Amino acid sequence: MDLKKLKDYQKHIRNFSIVAHIDHGKSTIADRILELTDTVAQRQLKSQMLDDMPLERQRGITIKLNSVEVKYHAKDGEDYIFHLIDTPGHVDFSYEVSRSLAACEGALLVVDASQGVQAQTLANTYLAIDDDLEILPVINKIDLPSADPENAKMEIEEMLGLDASDAVEVSGKTGLGIPELLERIVTDVPAPQGDLEAPLKALIFDSKYDDYRGVVLAVRIEDGMVKPGDEIEIMNTHKKYEVTEVGVSNPHPVKKDMLVAGDVGYLTANIKSVRETRVGDTITSAQNPTEEALPGYRQIPPMVFSGMYPVDNSKYDDLKEALEKLQLNDAALEFEPETSTALGFGFRCGFLGLLHMDVVQERLEQEFDLDLIMTAPSTDYHAIMNDGTTKVIDNPSDLPDVGEYKEVQEPYVKAEIMVPNDFVGPVMELCQRKRGEFQTMDYLDKYRVNVIYHIPLAEIIFDFFDDLKSSTKGYASLDYEIIGYRATDLVKIDVLLNKEPIDALSFISHRSDAQARARQMTSLLKKLIPRQNFEVDIQGAIGAKIISRATIKPYRKDVTARIHTGDPDRRAKLLDKQKRGKKRMKAVGKVEVPQDAFMAVLKMNDDDIKGK
Ligand SMILES: Nc1nc2c(ncn2[C@@H]2O[C@H](COP(=O)(O)OP(=O)(O)OP(=O)(O)O)[C@@H](O)[C@H]2O)c(=O)[nH]1
């Protein structure tokens, strides 16, 4: 292709993301765009087309960003190429949002007409503003009887400082307004500016492992062009590869002859090991390298840690391989080998939040067919030792004994809660209960306030969000960021089964809750651990001091003992049921402990603890 044609092609590219608060309708709008541009044949159109992970469909949420190429014939008679990047809305996945934004020139800011601007609307808009994107406000769900588009526009103007006077009003559900939205993408989102003649410079904004093609990189070409046969270099590692295939996703992979400056597509290059590339790296030409790499992404540190162990110890290597593959597709996942006396060989994994943890666990089980035991999640702690050194504790059982350290610090967040006036009382009560320290309260408009608290992360990651939703009838929205570590009065509670401390059950608690939590833990374990053929003693302890206990009596008879042997069917069924129940059991010493027991800490309801 000659340069003039390529330049003309570039002028017709529009790269944009869709950002919004969770559930405001990004995926639905993306579906309508695919439908209206005939990108996906009607009969193939499933709802949430871009949410291709089985888990995303089951839960109705977007976890991974996805990109797709859309061809659009505009009213000006010209054909345009849209690269649409759908992004997740949940606070756990905001790192995916910032990654996709770096590949775009524009962002559709979707706001639900019945809900207006919410916490993640603000957070995601700021990300888009930081990236200098052209922001196109879109008011969605105008079909709802409770829709108030004018109010949503006013909030966009007042709270975000954006001009919303000509915001597009749409309904992702009925398709109303989508044709106008397509036209506005053409007129409002700038075409990419990259230099076609400069050396190749491309950003890796996502990657995944494919059994047939190896590592597949999602790339945004900033300058130059790339085609199969080219030798490329990854600037961070200086490793060189020959490109085997380039193409775009529509949303299925479609091979192309080349990708040029401005394109968003995929690239494969015989990259065998998942460790060889990192999302955020820059690709250039090996022969004619560019001088400066693109600014990478800020690596977001994991905040929630949990031990992951195969139920069957011989599956350790399979788990390792699965984690490596998953990590390629999930840059925020971290893991390192860990040994537990109770559970054997496994990994300590770091996640962005509980939803992220759930998603990783489910993906490992569904996509890699593994049975896992996970230990209760915790945040990381800093133990300031007597000699002044800091020890990072990401496993509660590693906290040194009292007397060896001066203090323990835990991560705190600044939590911003947006809520209608009427619910300020319950929100403050909840934050107070979660050891929160009140900061400020700003009136956003006549009806809503932004309440700011500093709260220990450990209190936020468990059930804060659910409690917040239930105490505000679903009206509150939350955004938070880590602000640092603070010393608080924390203690480690060990759990002993028949006098044997079980490292995987240890947890850290604020001293004021320790006694109640230990009691609750022992009584929960008593319910969760099945009877064995010997007595099981459960104890909670701080150091050598036992602060709670419970006993599980032995069972007397074999479940099948009374079944008549002439009923083999029933006997088989019973044994089978027993076996299935056992699947998630782990023999800890002599005691069979089910998966649930390791998560018992999560089940402790703090209303019970505080005696409310
Ligand atoms: N009535 C109405 N419902 C809509 C409209 N658009 C989306 N919805 C519904 O709103 C819910 C959320 O829509 P999604 O498209 O999944 O929202 P999302 O923003 O992609 O959510 P995440 O990907 O999880 O962040 C779904 O139940 C949709 O059916 C609309 O225009 N009108």
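Predicted model: local features only at pLDDT ≥ 70, side-chain atom pairs only at ≥ 80, totals over all residues.

User: What makes Ser 27 buried?

Analyst: Ser 27 has 24 C-beta neighbours inside 10 Å, so it counts as buried. Ser 27 lies in helix α2, and Thr 28 has its place in helix α2 too. Helices here are DSSP runs of H or I with at least four residues, strands are runs of E with at least two, and both are numbered from the N terminus.

User: Why is helix α2 described as largely enclosed?

Analyst: Nine of the eleven residues of α2 (residues 26–36) are buried, so the rest of the structure largely encloses this helix. Among those buried residues are Lys 26, Ile 29 and Leu 34. Just after α2, Asp 38 takes a positive phi of about 55 degrees.

User: Which residues does Thr 28 touch?

Analyst: Thr 28 touches Gly 172 and Lys 173, leaving aside residues up to four places away in sequence. Two residues are in contact if their C-beta atoms, placed from the backbone, lie within 7 Å.

User: Which residues does UniProt list for "binding site"?

Analyst: The unreviewed UniProt entry lists Asp 23, His 24, Gly 25, Lys 26, Ser 27, Thr 28, Asn 140, Lys 141, Ile 142 and Asp 143. UniProt positions are given in the numbering used here, feature names are shortened, and annotations may be inferred rather than shown by experiment.

User: Why do β11 and β13 stand at the edges of their sheet?

Analyst: Two strands pair if DSSP finds at least two bridges between them. The open sheet has eight strands in the order β11-β10-β16-β7-β8-β15-β12-β13, with antiparallel pairing. β11 (239–242) and β13 (253–256) each have a single partner strand, so one side of each is left without a neighbour in the sheet.

User: What makes β8 and β15 a pair?

Analyst: Five bridges join β8 (residues 214–223) to β15 (residues 264–268), and the two run antiparallel. In β15, Leu 267 is the bridge partner of Leu 217.

User: Which strands of this sheet does helix α8 touch?

Analyst: Helix α8 (residues 316–329) packs on the sheet, touching β7 (201–210) and β8, and its direction makes about 145 degrees with that of β7. Axes are lines fitted to C-alpha atoms, for helices over the stretch in contact, and angles run from 0 to 180 degrees between N-to-C directions. Helix α8 also lies across β17 (304–310), β18 and β19, running at about 15 degrees to β19.

User: How many residues does the chain have, and what share is buried?

Analyst: The chain has 612 residues, and 46% of them are buried. The secondary structure comes to 17 helices and 33 strands.

User: How confident is the predictor?

Analyst: pLDDT is the predictor's confidence in each residue, from 0 to 100. The chain averages 84, and 85% of the residues score at least 70. Over residues 60–64, however, the pLDDT is below 50.

Note on methods
Residues numbered from 1 in each chain as written. Buried ≥ 20, exposed ≤ 12 C-beta atoms within 10 Å, placed from the backbone.
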